[in-house]
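User: I have a structure open and would like to go through it with you. Can you take my questions one at a time?

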Amino acid sequence: MANNPDITRYFEVAKKLTLEAGKWIANVDEKDKVVQNKVTEQDLVTNFDHKIEEFLIDNLASEFPDHKFIAEEQVAHTNVKPELTDAPTWLIDPIDGTVNFVHSFPQFCISVGLAICKEIVIGIVYNPTNCELYTAVKNGGAFLNDKPIHVSNATELKKSMVIFEMDFKTFEHTDIAVGRIVAMLQTAQATRDVGSAALALAYVASGIVDCYQIDGLQPWDVAAGVLIVLEAGGTLLDSKGGPYNLMKPNTVAASTCQLACEVSKLIVDTDLKTQRKRLQRT
């Protein structure tokens with residue numbers, strides 16, 4: 001794919017548009033941010049989310065009129081998530097980490113992925129506050145600002161730094177979430193919370209952290225980042241240890257298969273233990 005002239009053109013156009021859109025939010029004045037709630041006070045959208053998404057879709061559609069789109073604010077507006085087909089499809093999160101952006105916490109990014117035949121072939125993650133551009137084209141390696149990156153060689157959770165994010169709304173029973181938090185804090189060498197899935201995946205790819213685990217995301221959150229992880233030599237699993245499902249991304253992204261399997265086993269074992277305790281109380 002890396003030497004495919006069509007893929008190369010798709011990548012260059014998308015990268016140029018992403019960098020251009022990034023200029024709007026690199027040093028935005030607070031007074032220019034218009035913030036609204038989607039469903040809850042923790043689920044925010046800004047005028048820049050809409051502006052960037054419209055800019056990317058309009059320009060990509062103009063260049064590639066036969067391509068399709070699955071984009072966060074578009075789905076939020078229609079309340080319908082399109083099916084991922086074999087057609088070239090751009091998966092776009094205009095600002096991944098909107099709450100961070102609202103508070104000027106510099107961990108947010110533009111995330112753009114392209115799937116062809118349901119397989120991600122292009123990944124672009126751009127943090128404009130510090131000019132970090134993470135990119136990957138399938139079978140072409142992963143890069144940070146055009147320099148190759150690679151995952152760490154961590155194989156044991158007790159020696160690993162993990163980005164571990166927990167959204168209680170994901171779980172029917174909060175005790176499952178609490179159990180996972182306690183188990184991860186007790187087992188990992190260190191845990192962190194970034195607030196941006198795409199950046200967390202990019203940090204795994206670059207070896208800054210060893211693993212990222214989160215459930216309940218959407219495909220636009222992870223599409224670009226998962227390719228960057230894979231092209232950097234990393235491993236992806238479903239949180240319960242099965243094959244990774246882009247459209248239902250319960251995510252373990254890790255530097256090595258050994259570490260990914262240990263994390264997924266920890267989740268499975270912890271969930272089972274929590275469920276047994278719940279049954280004993282009833």
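Analyst: What follows goes through annotated sites, backbone angles, a surface patch and salt bridges, all in a predicted model.

User: Which residues does UniProt place under "binding site"?

Analyst: The unreviewed UniProt entry puts that feature at Glu72, Ile95, Asp96 and Asp221. They span 150 residues in sequence, but no two of their C-alpha atoms are more than 9.6 Å apart, so they gather at one spot. The lining of the largest pocket includes Glu72, Ile95, Asp96 and Asp221.

User: Where does glutamate 72 lie, and what does it touch?

Analyst: Glutamate 72 is in helix α3, which covers residues 72–78. Leaving out residues up to four places away in sequence, Glu72 touches Lys38, Glu53, Ile92, Asp93, Pro94, Ile95 and Trp220.

User: Is glutamate 72 buried or exposed?

Analyst: Glutamate 72 has a relative accessible area of 16%, and under 20% means buried, so it counts as buried.

User: And isoleucine 95, buried or exposed?

Analyst: Isoleucine 95 is buried, at 1% relative accessibility. It lies in strand β4, residues 89–96. Its contacts, apart from neighbours within four places in sequence, are Ile25, Thr46, Phe48, Asp49, Ile52, Glu72, Phe101, Phe108 and Cys109.

User: Changing topic. Which residues other than glycine have a positive phi?

Analyst: Among them are serine 104, with phi near 60°, and cysteine 117, with phi of about 55°. Most residues other than glycine have a negative phi.

User: Where are those two found?

Analyst: Serine 104 is in the loop between α4 (98–102) and β5 (109–116), and it is partly exposed at 40% relative accessible area. Cysteine 117 is in the loop between β5 and β6 (119–127).

User: Which residues make the nonpolar surface patch of about 230 Å²?

Analyst: Phe168, Val178 and Val182 make that patch. Phenylalanine 168 is in the loop between β10 (161–164) and α5 (174–187), and is partly exposed with a relative accessible area of 38%.

User: Now salt bridges. How many are found in the whole structure?

Analyst: The search finds 13 salt bridges. One of them joins lysine 118 and aspartate 86, at 2.9 Å from N to O. Lysine 118 lies in the loop between β5 and β6 and aspartate 86 in the loop between α3 and β4, so this pair ties together parts 32 residues apart in sequence. Lysine 118 is partly exposed, at 45%, and so is aspartate 86, at 43%.

User: What does lysine 15 pair with?

Analyst: Lysine 15 forms a salt bridge with glutamate 12, and their closest N and O atoms are 3.8 Å apart. Both lie in helix α1 (residues 5–26), three residues apart, about one turn of the helix. Lysine 15 is buried at 17% relative accessibility, whereas glutamate 12 is partly exposed at 40%.

User: And what does glutamate 156 pair with?

Analyst: Glutamate 156 forms a salt bridge with lysine 158, with the closest N and O atoms 3.8 Å apart. Lysine 158 counts as exposed, at 52% relative accessibility. Elsewhere, salt bridges that share partners join Arg180, Asp215, Lys240 and Asp271 into one network.

Note on methods:
Residues numbered from 1 in each chain as written. Predicted model: local features only at pLDDT ≥ 70, side-chain atom pairs only at ≥ 80, totals over all residues. Heavy atoms only, no water. UniProt positions renumbered as here; feature names shortened; annotations may be inferred. 1 Å grid on protein atoms, 1.4 Å probe; cavity = no way out; pocket = protein on both sides within 12 Å on 5 of 7 lines; lining within 4 Å. Helix = DSSP H or I, 4+ residues; strand = E, 2+ residues; numbered from the N terminus. Buried < 20%, exposed > 50% of the residue type's maximum accessible area, 1.4 Å probe, protein only. Contact = heavy atoms within 4.5 Å. Patch = residues over 30% accessible without salt bridge, like charges linked within 9 Å, V, L, I, M, F, W, Y side chains within 5 Å. Areas by Shrake-Rupley, 256 points an atom, 1.4 Å probe, with all protein chains shown as cover. Salt bridge = Lys/Arg side-chain N within 4 Å of Asp/Glu carboxyl O.
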